[in-house]
Amino acid sequence: AGILFDERENRMTPTHTRKEGVRLRYYACQALLKGQPEKVGILRRIPAREIEDIVGQQCYELLHKPGRLIDQLAGEDASGEIKQGLAAAAAKLSGHLLSLGEKRKLAFARATISKIVTGPEAVHITFNPDALKIELGLAEKPIGSSLLGRLTPPKLEGGFTVAVPIYLTRSGRNKCMVIAD
């Protein structure tokens, strides 16, 4: 919690509503909730499933296609052995994530992502390299931690960001996020 922001750096807060007896989860802009409409970005609220699916897909792709991950964690000058070890660890974790339920996948995302910024044209996901190394088993876990996000990730200045191009479409009165091809 606390890592999702709109393009104006307003925190997005999880909430829900009921429509015809069905619980609909979404993230709402805190500025809107605080009665400050002049501070609200284009996305006043985001369906939780849409943003969670985008983030989950990017986590999976980062592990399943580890080129970017290797560049960020090992560097271009790393030996072939280090790169192969990192690729193997990513493949193992990727397979493990596929077998987990949605809550555990989100726990992995929370453990490895330091910030998500949503905008009308892209979702920017900033990954924490130190937390990724821990989850991949390439760094020591702090005492009291366990696999897949049971510990707050170490705070880090920087990180690396994945930009996911999106476009907005309407479904009734609501704006929906769709990953651009």
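This report describes the strands, ring contacts and nonpolar core of a predicted protein model.

## Confidence of the model

The mean pLDDT of the protein is 84, and 89% of the residues score at least 70. Among the elements, strand E6 has the highest mean value, 95, whereas strand E8 (residues 174–179) has the lowest, 78.

One stretch calls for caution. Over residues 146–154 the pLDDT stays under 50, although the model has 27 contacts for this stretch beyond four places in sequence.

## Strand pairing

Two hairpins can be followed in the structure. In one of them, strand E2 (residues 12–19) runs antiparallel to strand E3 (residues 22–29), and eight bridges join the two. Methionine 12 is placed opposite cysteine 29 of E3. Two residues separate E2 from E3 in this hairpin, and glutamate 20 in the turn has a positive phi of about 55°.

In the other hairpin, three residues lie between E5 and E6. Strand E6 (residues 122–127) is antiparallel to E5 and is joined to E5 by five bridges. Within this pairing, isoleucine 116 faces isoleucine 125 of E6. Strand E5 (residues 113–118) also pairs with strand E1 (residues 4–6), here in the parallel sense and over three bridges. Aspartate 6 is the residue opposite threonine 118 of E5.

## Aromatic rings and charges

How many aromatic pairs does a search of the whole structure find? The search finds one. Phenylalanine 127 and phenylalanine 160 form this pair, with 5.6 Å from centre to centre and 20° between the planes, and the pair is stacked. Phenylalanine 127 belongs to strand E6 and phenylalanine 160 to strand E7 (residues 160–171); the pair therefore ties together parts that are 33 residues apart in sequence. Phenylalanine 127 counts as buried because its relative accessibility is 0%. Phenylalanine 160 has a relative accessible area of 4% and is buried as well.

The charged end of lysine 115 sits over the ring of phenylalanine 5, at 5.0 Å from its centre. Arginine 45 lies over the face of tyrosine 26, and its distance from the ring centre is 4.4 Å.

## The nonpolar core

The largest nonpolar core comprises 39 residues. Those with the most contacts inside this core are Ile51, Leu69, Ile113, Ile116, Val123, Phe127 and Leu136. Both helices and strands contribute: at least two core residues come from each of E3, helix H2 (48–64), helix H3 (67–73), helix H4 (80–98), helix H5 (102–112), E5, E6 and E7. Helix H2 supplies the largest share, namely seven residues.

Which residues are in contact with isoleucine 51, leaving aside its neighbours within four places in sequence? They are Leu4, Tyr27, Ile46, Ile116, Thr118, Val123 and Met177. Of these partners, Ile116 and Val123 are themselves among the core residues with the most contacts.

## The buried side of helix H5

Helix H5 has several buried residues: Ala107, Phe108, Ala109, Ala111 and Thr112. The buried residues of H5 pack against helices H2 and H4, strands E5 and E6, and helix H6 (129–135).

In an α-helix, residues three or four places apart point the same way, because there are 3.6 residues a turn. The reader may look for this pattern when viewing the helix in the structure.

Definitions and conventions: Residues numbered from 1 in each chain as written. Predicted model: local features only at pLDDT ≥ 70, side-chain atom pairs only at ≥ 80, totals over all residues. Heavy atoms only, no water. Pairing = 2+ DSSP bridges. Helix = DSSP H or I, 4+ residues; strand = E, 2+ residues; numbered from the N terminus. pLDDT = per-residue confidence, 0-100. Contact = heavy atoms within 4.5 Å. Phe/Tyr/Trp six-rings, centres within 6.5 Å; stacked < 30°, edge-to-face > 60°. Buried < 20%, exposed > 50% of the residue type's maximum accessible area, 1.4 Å probe, protein only. Lys NZ or Arg CZ within 6 Å of the ring centre and 35° of its normal. Core = buried A, V, L, I, M, F, W, Y, C linked by side-chain atoms within 4.5 Å.
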